[in-house]
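Let's take a friendly walk through this model, from its strands to its nonpolar cores. Have the viewer open as you read.

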Amino acid sequence: PNIYGLLGAEANAIEPGKRMLSSMTPTIVETPKGELFLVIGSPGGSTIITTVAQIIMNVIDFEMNIEDAVELPRFHHQWFPEYVFYEPFGISQETIDLLTARGYIFELRNSMGEANCIQIIPETGDIYVSGDSRRGGVAGAY
C-alpha cells in the first residue's frame, strides 16, 4: 500500500525502471461554448481526484467563487482502507452518526490536498486565482 493505504496491483509494484502509483489529475474545465473556465490541480495521492471533483462541483453546482470552493472542508472515501476521511467541520456529527450506523468508519484528517486553481469568468474575462491555505499556499494574478 502507499502512504494513504491505497493498494496497488502487480503493475504498480516497486521495481527499478517503473513509475510510482499516481492519481495525478490536472484538470481543465471549459464552458459549453468551449471557453476556458477552470484550471485545477492538487497534490495528495489518492485524495487528488476527490479534491479536484469537489472543487469543480462547488463552483459549478453550488455557484461558489474559486476561493470559497477551494477552502471548503473536504472528505474522501476509497475502496481500501475502508474509511471516510474528512476534514474538521467537513461532515456534520448527525451525518457521521447516521452513516456509522450503516457501517461506515470515519477518520478525521487535518487536511487533504493543496489545490491551486484558476477561474476565468468568460463574460468579463476576469481571472481569479486561489492558493490553498492547507499548506500555506498563496496565489497572485495581474
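Strands here are DSSP runs of E with at least two residues, numbered from the N terminus. By that rule T27 is found in strand β1, which covers residues 27–30. Please keep in mind that this is a predicted model.

## A hairpin from β1 and β2

Four bridges join β1 to β2 (residues 36–41), and the two strands run antiparallel. Together β1 and β2 make a hairpin with five residues between them, and in the turn G34 has a positive phi of about 85°.

In a regular strand, side chains alternate between the two faces of the sheet. The two faces of β1 can be told apart: T27 and V29 make up the covered face, while I28 and E30 make up the uncovered one.

## A closer look at T27

Is T27 buried or exposed? With a relative accessible area of 17%, T27 falls under the 20% cut-off, so this residue counts as buried. Leaving aside neighbours within four places in sequence, T27 is in contact with L38, V39, I40, V52 and I56. The T27 side chain also reaches the backbone oxygen of T25, at 2.8 Å.

In soluble globular proteins, nonpolar side chains tend to be buried together. In this model, the largest nonpolar core has 14 residues, and those with the most contacts inside it are L38, I40, I55, I66 and C117. At least two residues of this core come from each of β2, α1 (48–60) and α2 (66–71). The largest share, five residues, is supplied by α1.

Apart from neighbours within four places in sequence, L38 is in contact with T27, I28, V29, I56, V59, I66, I118 and Q119. There is also a second, separate core of five residues, including Y86, I91, I96 and F106.

## The three-stranded sheet

Which order do the strands of the open sheet have? The three strands follow the order β3-β4-β5, with mixed pairing. At the edges are β3 (75–77) and β5 (106–108), each of which pairs on one side only. Neighbouring strands of this sheet are turned by 20° against each other on average, direction ignored.

Three bridges join β3 to β4 (residues 84–86), and these strands run antiparallel. Within this pairing, F75 has Y86 in β4 as its bridge partner. Y86 is also one of the residues in the second core.

Notes
Residues are numbered from 1 along each chain as its sequence is written. This is a predicted model: local features need pLDDT of at least 70, side-chain atom pairs count only at pLDDT 80 or more; totals for chains, interfaces and linings use all residues. Side-chain values use heavy atoms; hydrogens and water are left out. Two strands pair if DSSP finds at least two bridges between them. Axes are lines fitted to C-alpha atoms, for helices over the stretch in contact, and angles run from 0 to 180 degrees between N-to-C directions. Buried means under 20% relative accessible area, exposed over 50%, partly exposed in between (1.4 Å probe, protein chains only). A polar contact is a pair of N or O atoms within 3.5 Å; within protein, one must be able to donate a hydrogen and the other to accept it, and residues adjacent in sequence count only if both atoms are side-chain atoms. Contact means heavy atoms within 4.5 Å. A nonpolar core is a set of buried Ala, Val, Leu, Ile, Met, Phe, Trp, Tyr and Cys residues joined through side-chain atoms within 4.5 Å.
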